[in-house]
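Please keep the sequence and the model in view while working through the numbered points.

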Amino acid sequence: MVNATIVLIAATLRVFGSGGGESQLMPTQSHVADVSAFGNLSSERWKLHVKLRADATTGLDAGEAYAQLHVAKWLDVTAGRVIEKWGTGYGWNPTSFVGPAKDPTDPNDRRSAYRGVDMIRADVFVRDTNVSLYALENGQYAARVYRLIRGTDVSIVWRSSGAAAASAADFSRDSGARSGRRSTAGIALARVFGNALELHAEATQHRALAGGQYTFTNDINVVFELYRDQKTYALARIYRPFVNAKIDAELIALTSIRDRSTILRASITRKLRPNISAYLIDTEFVGREKPVARLTSVGLRYYF
Amino acid sequence: MRAHTPDPLHSKGINMKRLLLILLFTTTLRAEDAASILARSDEFRNPLGSFAVDVELTSYDGAHSDTSKFRVYGKGSDRSVVEFTAPATEKGKFLLMLRDAMWIYMPSASRPIRISPLQRLMGQASNGDVARTSFTIDYSAKSASEDGDAWVLELEAKDPSLSYKSVRLWIDRTSYEPQRADFYVASGKLLKRAHYRKFTTMSGRRVVSDIEIEDLVRPGRRTTMHYANLGERTNPDKMFTKDSLGKW
């Protein structure tokens, strides 16, 4: 009992999260609300982590829930549900063999809807190299080796063959691991040049992505990417924070190179208070084959 | 017997050699002096080998001000992790800096993203301003001169990819406390000026507690950084890896 008390005193608890509501104004009216909370209880030897999300339609769900043991200075072992995001791309991550599907028009998952994969993971840290080994659902295995080589992030990833992936939510639909019938390998790179330019690339046997981002001295940040799956897509994102007005403006354009169909998503976020933000998102679908369609949403989010 | 008259050319050659030797020696001495002065001055910013410190950042632009809070974990002078603790919208974010390489981790994205030094943390302070706790690791002190009660050190970036190619640093000649630093980009333009305003004793060491950063490109904009609760902390090496961000 005494020991348990000491262990708890030595632990650090962090709780944070957000809750909000979003209303779609056009073309039809609908409303959604959600609350997400992240909890971390950690000591020098262990960590418990949970991400809970309650949604008006899906109810309460644990997006993440895992225990991590720092076995040695060079070894961590994690068991439970973990959101893994591999890759260096902004809109797509073809090397993300273990992780939730990504929406290129909402890559930051504004409503914290990502859900993890059940796994046992061992992280080995040896001479500035990280090796992560995964035992996944359906008898599948995965591995990732990461090292910073002369300023360049280099990750080599692999996932074993096995039973078909359980669902798109378990294995990224852009991962090349959709069938799950053959093993897949890939490489992801990222490097910063000078003050403002970052270039990145990812490649697997069948998919590739190349892109970068540039930050101008007036804080405008531009992301540009080309992604080759069965089709080729291009993404551009322009982001600018207006610090005095407490406004962030973002424009994302996602284009299919073959048919020129495009999704344009413009959003404005205004910080009303240090912990309350309001946003307006306008999404336009433009294409030769499909008629122009428009979707407009407003939302309010409280952070704690 | 003819009196020995020195060959003026030979004599001039000897003098030139002596002058060159003296100059070389002086230059070397200057560089060594400058390096040791810089090392002593850096101790006011990074006195502990492995530490944690709270940083409060307030950005001013005319009548507007905005405050953010961070906890910085450091090891040596080239590795640091910045944990965002306030406001609530920023909680759960982490920034890793290994020399001049940076990654940011956001709990929503669940993936550390490589970022460039120019991407700002807040206000006039770049990521590097908060995360970097020493000049020695990134800059070579090329020379030292005197300016009143201060040494003026000319620092040059060891790596050309660093945000600022050169820094001119004023250091108190008696206490070795840093007073002011001017940051220049590769074009030679003076971009930013830091004033080391206050010093205090934390964890038994005299350290800088308040830094003010002026944006010289956008006059009127400034950011203050207040340091508190500096303490020794055993930060394991694996904390300072991209893959560990947000996982400890």
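**Note on the two-chain model**

1. Thr89(B) is located in the loop that runs between strand 3 (79-86) and strand 4 (94-98) of chain B. The coordinates come from a predicted model, and this should be kept in mind throughout. Is Thr89(B) buried or exposed? Its relative accessible area is 14%, and the cut-off for a buried residue is under 20%, so Thr89(B) counts as buried. Leaving aside residues up to four places away in sequence, Thr89(B) touches Lys271(A), Pro274(A), Asn275(A), Ser277(A) and Tyr303(A).

2. The peptide bond from Ala86(B) to Pro87(B) is cis, with omega near 0 degrees. Pro27(A) belongs to the loop between strand 1 and strand 2 (30-42) of chain A.

3. The contact between the chains deserves a description as a whole. Chain A contributes 57 residues to the contact, and chain B contributes 41 residues. Together, the chains bury about 3,800 Å², with 47% of this area on carbon and sulfur atoms.

4. Four salt bridges are counted between chain A and chain B. Lys246(A) and Asp66(B) form a salt bridge, in which the closest N and O atoms are 3.6 Å apart. The count of residue pairs in polar contact between chain A and chain B is 10, with both residues at pLDDT 80 or more. Sorted by class, the side of chain A that touches chain B has 20 nonpolar, 21 polar and 16 charged residues.

5. Chain B has two helices and 15 strands in its secondary structure. Of its 248 residues, 54% count as buried. Among contacts in chain B between residues at least 6 apart in sequence, 45% join residues at least 24 apart.

6. Strand 15 (residues 221-232) of chain B pairs with strand 1 (residues 50-61) of chain B in the antiparallel sense over 10 bridges. Within strand 15, Arg221(B) stands opposite Asp61(B). Strand 15 of chain B also pairs with strand 14 (residues 205-215) of chain B, again in the antiparallel sense, over five bridges. The bridge partner of Ile213(B) in strand 15 is Thr223(B). Five residues lie between the strands in the hairpin of strand 14 and strand 15 of chain B, where Gly220(B) takes a positive phi near 95 degrees.

7. Met202(B) lies in strand 13 (residues 190-202) of chain B. With a relative accessibility of 9%, Met202(B) counts as buried. What does Met202(B) touch, not counting residues up to four places away in sequence? The list includes Val207(B), Val208(B), Tyr227(B) and Leu230(B). The C-alpha atoms of Met202(B) and Gly231(B) are separated by 7.4 Å, although 29 residues separate the two along the chain.

8. In chain A, strand 18 (residues 293-303) has two antiparallel partners to examine. Strand 1 (residues 12-26) of chain A pairs with strand 18 over eight bridges, and Gln24(A) stands opposite Ser297(A) in strand 18. Strand 17 (residues 276-286) of chain A is joined to strand 18 by 10 bridges, and Asp282(A) stands opposite Thr296(A) in strand 18.

9. Asp128(A), which is not a glycine, has a positive phi of about 65 degrees. Asp128(A) lies in the loop between strand 6 (117-126) and strand 7 (129-136) of chain A, and is exposed, with a relative accessible area of 63%. Arg150(A), also not a glycine, has a positive phi of about 45 degrees. Arg150(A) is found in the loop between strand 8 (141-149) and strand 9 (152-159) of chain A, and counts as exposed at 78% relative accessibility.

Methods
Residues are numbered from 1 along each chain as its sequence is written. Chains are lettered from A and ligands numbered from 1 in the order in which they are written. This is a predicted model: local features need pLDDT of at least 70, side-chain atom pairs count only at pLDDT 80 or more; totals for chains, interfaces and linings use all residues. Side-chain values use heavy atoms; hydrogens and water are left out. Contact means heavy atoms within 4.5 Å. Buried area is the accessible area (1.4 Å probe) that two parts lose on being put together, summed over both. A salt bridge is a side-chain nitrogen of Lys or Arg within 4 Å of a carboxyl oxygen of Asp or Glu. A polar contact is a pair of N or O atoms within 3.5 Å; within protein, one must be able to donate a hydrogen and the other to accept it, and residues adjacent in sequence count only if both atoms are side-chain atoms. Ala, Val, Leu, Ile, Met, Phe, Trp, Tyr, Cys and Pro count as nonpolar, Asp, Glu, Lys and Arg as charged, and the others, Gly among them, as polar. Two strands pair if DSSP finds at least two bridges between them. Helices (H or I, at least four residues) and strands (E, at least two) are DSSP runs, numbered from the N terminus. Buried means under 20% relative accessible area, exposed over 50%, partly exposed in between (1.4 Å probe, protein chains only).
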